[in-house]
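Reader: I have a model to look through with you. Could you take me through it by question and answer?

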Amino acid sequence: MSNQASTLFDKVWDAHVVRKIADGPDVFFIDRHFIHEVTSPVAFLGLESRNIGVMYPERTFATADHNTPTINQHLPVQDALSANQLKALETNSAKYGISHWGLGHARNGIVHVVGPENGITLPGMTIVCGDSHTSTHGAFGAIAFGIGTSEVEMVLSSQCIMQPKPKKMRVNVNGTLGKGVTPKDVTLYIISKLTTAGATGYFVEYAGDVFRNMSMEGRMTVCNMSIEMGARGGMIAPDETTFAYINGRDQAPKGEKWDEALAYWKTLKTDEGATFDKEYTFDAADIEPMITYGTNPGMGQGISRNIPTSEQVEGGKSTYDKSLAYMGFHENESMLGKKIDYVFIGSCTNGRIEDFRAFASIVKGRKKADNVTAWVVPGSHIVEAQIKEEGILDILTEAGFELRQPGCSACLAMNDDKIPAGKYAVSTSNRNFEGRQGPGARTLLASPLVAAAAAVTGVVTDPRDLL
Amino acid sequence: MAYDKFTLLRSTAVPLPIENVDTDQIIPARFLKATKREGFGDNLFRDWRYNGDDTPKADFVLNNPIYKGKILVGGHNFGSGSSREHAAWAIYDYGFRCVVSSFFADIFKGNSLNIGILPVQVSAEFLDKIFLAIEADPNAEFEVNLEEQTITIVSSGESESFDINGYKKHNMINGFDDIDYLQAMKGEIKEFEAERIY
């Protein structure tokens with residue numbers, strides 16, 4: 001094996017196979033397991049009904065995020081069902097000795113923001129969570145992906161899941177990104193080219209100088225969205241940017257352990273000559289600020305383009321017509337100038353400090369449009385503190401925006417942050433499915449810059465005109 | 001959680017010829033607040049099935065009494081999006097035991113197999129034939145034979161084979177699950193864990 005060129009993905013995967021089953025999945029060891037209130041309760045019930053325990057509680061981390069309110073977090077949670085789920089997470093964590101960062105905890109926040117910012121997510125790890133956006137952690141050169149509740153129960157009880165090894169895909173983006181083009185635009189562009197199912201069955205490695213030159217926050221945005229083209233996950237080889245981000249974080253290795261870890265992390269890259277089952281290469285110069293016009297994340301395009309006709313898109317006409325009818329859009333219309341009602345900046349996709357810096361760069365010196373309701377939701381308390389320390393809160397307040405408290409919020413609208421039926425929301429989150437942000441809500445996925453441009457003009461606006 | 005053994009299923013089918021049916025449509029997030037696995041079938045396809053005032057939408061297939069059965073037939077890329085196993089639970093709880101499509105999203109497929117729903121992936125051509133057979137006769141029956149790995153349109157006898165790995169097939173036929181398997185190899189896992197650098 002050692003003489004054979006192998007990929008980053010192979011190196012990390014193969015190091016975690018406990019047993020190979022002939023004509024079956026691999027028994028796959030999990031280094032880090034994140035849990036939250038929505039997809040874990042039934043797994044704990046399963047443990048009880050089988051009368052088995054948690055094998056390695058120190059490898060699981062709990063945070064409350066999906067179902068939490070984003071205002072008045074110091075008060076009891078009003079929704080009885082939500083409160084019950086939050087309580088279950090707390091009780092189950094305490095019972096089995098799992099570290100729990102519940103509502104109000106200083107390190108609480110969205111699971112995929114919290115893991116990296118506290119140094120829990122490290123290169124070369126395997127990381128799972130009952131949440132498809134677990135792919136986010138791949139930004140560190142980890143194999144990270146979402147699992148179902150049955151698998152949550154498997155990880156709790158045996159620290160392993162049964163996984164067939166996916167095929168390998170590499171997506172290269174080379175060149176220099178233009179003005180106003182962000183990591184979110186890069187990922188929406190890739191997904192628009194591959195379609196919403198184009199990477200199903202694959203694990204993706206992102207390569208090329210666009211990713212090499214990208215911050216960790218940006219890489220997390222890109223890896224986060226991997227699932228939106230069907231990939232189980234995406235990863236980027238760790239480099240100096242990665243090491244600098246991790247160094248000194250709360251749970252990151254220190255001293256000798258750091259040196260040891262670093263030596264290992266430097267081996268985590270795809271060897272020259274290693275092969276992939278599929279490979280795509282794109283030119284950064286072709287990417288402009290993106291926006292979606294339909295009801296899956298693959299239905300996106302450059303913001304200056306007109307909505308395609310059904311002949312121009314893959315898939316059946318009836319599905320396409322249904323999608324445009326839901327959105328209230330028509331073929332060939334311009335996206336620019338469309339009136340919007342809501343703006344949501346936040347989520348595990350774009351809820352990190354860099355995203356709020358970008359948002360503030362456009363909002364600064366301008367005012368929120370009167371027709372827009374804006375929800376500005378940090379990904380964690382640590383991000384919230386950074387927003388305040390860096391003076392971003394002052395810029396937001398001056399422009400008429402209010403900062404809410406951390407959580408998944410309007411990304412999936414489990415709490416009260418629901419976009420009303422028929423209303424248009426420019427959202428920095430990850431999914432524009434029907435009803436995703438509330439029954440009947442119409443979502444336009446975009447970057448923090450596009451969201452900011454819409455928030456201050458009240459219509460879909462090219463952010464390059466405001467930079 | 002144990003589930004019914006799956007060997008041979010002969011049933012009519014419910015057609016849903018829409019592509020990219022995502023798990024937010026199968027069960028919207030606001031119905032994920034339970035702490036027990038009960039009653040999710042009531043909210044299966046909630047927003048396609050019911051109006052805002054909870055009255056049924058007459059044009060949705062689950063509200064049309066001529067369509068029934070234990071097989072759900074969906075368009076290409078069924079089950080994309082969120083990892084919520086609740087989507088599979090809702091389909092199971094409603095009474096389906098098999099979902100047929102020309103393509104499945106990964107996590108949904110895995111979740112289905114883990115709870116005893118058989119995902120049957122057929123060619124686009126065969127999927128069209130299934131939809132046409134149901135259109136011609138809503139009482140058309142289909143036979144899913146897991147042992148043989150075939151799905152047959154009973155009226156015409158047309159058949160296609162489908163893939164499933166031997167391990168999962170064995171599990172479904174016997175009603176076993178992965179947790180039983182993993183519990184039996186904890187010694188091996190312990191040895192592995194002791195060598196981990198993290």
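Reader: How much area do domain 1 of chain A and domain 2 of chain A bury between them?
Author: This is a predicted model, where local features need pLDDT of at least 70, side-chain atom pairs count only at pLDDT 80 or more, and totals for chains, interfaces and linings use all residues. Residues are numbered from 1 along each chain as written, chains are lettered from A and ligands numbered from 1 in the order written, and side-chain values use heavy atoms, without hydrogens and water. Buried area is the accessible area (1.4 Å probe) that two parts lose on being put together, summed over both. Of the area buried between domain 1 and domain 2 of chain A, 55% is on carbon and sulfur atoms, and the total is about 1900 Å².

Reader: Is A:Cys348 buried or exposed?
Author: Buried means under 20% relative accessible area, exposed over 50%, and partly exposed in between (1.4 Å probe, protein chains only). Because its relative accessibility is 7%, A:Cys348 counts as buried.

Reader: Which residues does A:Cys411 touch, not counting residues up to four places away in sequence?
Author: Contact here means heavy atoms within 4.5 Å. A:Cys411 is itself buried, at 5% relative accessibility. Its partners are A:Phe344, A:Ser347, A:Ser429, A:Asn430, A:Arg436 and A:Gln437.
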